[in-house]
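Student: Can you walk me through this model? I'd like to start with one of the helices.

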Amino acid sequence: MSVSKSNLRSRASLVAAVAALSAGSAMATDGLNPTLKLAMQRDLGLSSAQVAQMVQADRIATTQEAALRRTLGSGYAGSWVERNDDGSYRVVAATSGAQKSVAVAGVELRHVRHSLKQLNDSMAALDRDARRRVPGISKLRSGVQSWYVDPTTNSVVVSVAPGADEEAIDFVAVSGADISSIRVEEAVGTPQTTATVQGGIEYRMPLPDGRVGLCSVGFPVTKGTIKGFATAGHCAKAGQSVQISGVNVGTFTASHFPNTDRAWVTIGATHTLLGSVTNYTGGSVAVKGSTEAAIGAAVCRSGRTTQYKCGTITAKNVTVNYGTLGTVSGLTRANNCTGRGDSGGSWITAAGQAQGLTSGGNLPIGQNDNCSVPTSQRQTYFERINPVLSQYGLALVTS
């Protein structure tokens with residue numbers, strides 16, 4: 001059966017949940033949308049039982065994070081969902097302290113060198129250096145693509161283009177970040193926002209020169225009695241008009257890009273808001289809330305170009321260098337595929353928890369999406385929905 005957050009807080013329910021996780025139980029998943037489960041099986045190569053177990057692991061990771069932070073104190077170095085060699089899942093927590101075990105049911109303890117605070121300090125040093133660079137004079141070179149704290153490797157990963165290792169070394173050295181905490185990895189493709197200028201579907205933005213901008217609707221929202229939807233900031237600036245199915249529905253009320261990639265569009269009172277996400281197969285996934293999922297958790301995204309694709313969260317708090325467009329911080333990275341025009345589209349978990357809005361992805365040169373890139377190398381980014389709701393004072397429409 002589906003395990004709610006309130007039930008997980010009780011010891012009896014938590015023990016039962018952990019037992020099911022450890023045994024790889026094919027527990028009932030009636031709390032999950034059937035079409036979303038099928039998409040997860042398709043895109044992640046999971047059986048029905050593995051989907052149930054993965055979702056259960058994510059629930060444990062999400063509900064126990066606060067307890068892990070309290071238990072491990074200053075040595076806390078992150079927690080995540082991890083897949084075992086046999087296809088089952090476990091929840092892992094890391095510590096740089098001397099504790100031998102953790103008294104949180106169902107969580108494996110792993111000892112590492114750096115605490116999460118130390119990794120965050122290195123991340124902050126890189127962010128400060130990127131922000132103080134002057135475009136055209138000392139701008140960050142394009143070979144350095146993104147950076148983020150990765151608790152699974154206990155490092156700050158700097159992702160670079162092939163052959164750009166020297167650029168990464170220079171970047172880290174100038175920033176003053178702790179070199180012992182840095183790991184450089186080579187990425188496929190280059191980070192690009194996924195908006196496009198062409199005729200198409202989803203929502204359009206008529207431009208002064210006669211062209212049409214295309215992006216994807218994120219999540220329907222309200223602000224008091226005002227209706228609207230959240231989307232990506234790079235899609236348009238405040239004041240830009242928006243059309244859906246050939247009808248002028250509203251305008252961008254606020255938009256922020258770069259630094260963040262968030263916006264919201266106000267629409268007329270006569271339009272209907274649905275608390276759901278289309279799966280592009282004639283159905284939809286109900287939005288139940290916006291609890292943030294853990295690293296390693298399954299997440300699906302919906303957009304007008306590549307439609308409905310699932311994957312897993314691979315990193316959080318990623319800073320992405322979009323070249324001449326600037327850098328965006330605080331993004332979450334996943335291995336779902338995306339394409340131009342998917343920008344602003346919605347990300348949602350199997351339990352119906354809204355996660356965020358598509359910002360961009362590493363696209364191979366000359367290609368309009370990264371769906372041909374192997375899942376293990378694919379990098380797609382989204383802006384978390386909760387900071388968007390908080391900044392603009394919005395309420396998520398649920399069902």
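Student: What follows helix 4?
Tutor: Glycine 73 comes after helix 4, and its phi is positive, near 55°. Helices here are DSSP runs of H or I with at least four residues and strands are E runs of at least two, both numbered from the N terminus. Keep in mind that this is a predicted model: local features need pLDDT of at least 70, side-chain atom pairs count only at pLDDT 80 or more, and totals for chains, interfaces and linings use all residues. Residues are numbered from 1 along each chain as its sequence is written, and side-chain values use heavy atoms, with hydrogens and water left out.

Student: Where does helix 4 bend?
Tutor: At glutamine 64, by about 50°. That is the angle between axes fitted to the seven residues ending there and the seven starting there.

Student: OK, new topic. Is arginine 262 buried or exposed?
Tutor: Buried, because its relative accessibility is 10%; the cut-offs are under 20% for buried, over 50% for exposed and partly exposed in between, with a 1.4 Å probe and protein chains only. Arginine 262 sits in strand 15, residues 262-267.

Student: Which side chain does its side chain make a polar contact with?
Tutor: That of glutamine 391, at 2.7 Å. A polar contact is an N or O pair within 3.5 Å; within protein, one atom must be able to donate a hydrogen and the other to accept it, and residues adjacent in sequence count only if both atoms are side-chain atoms.
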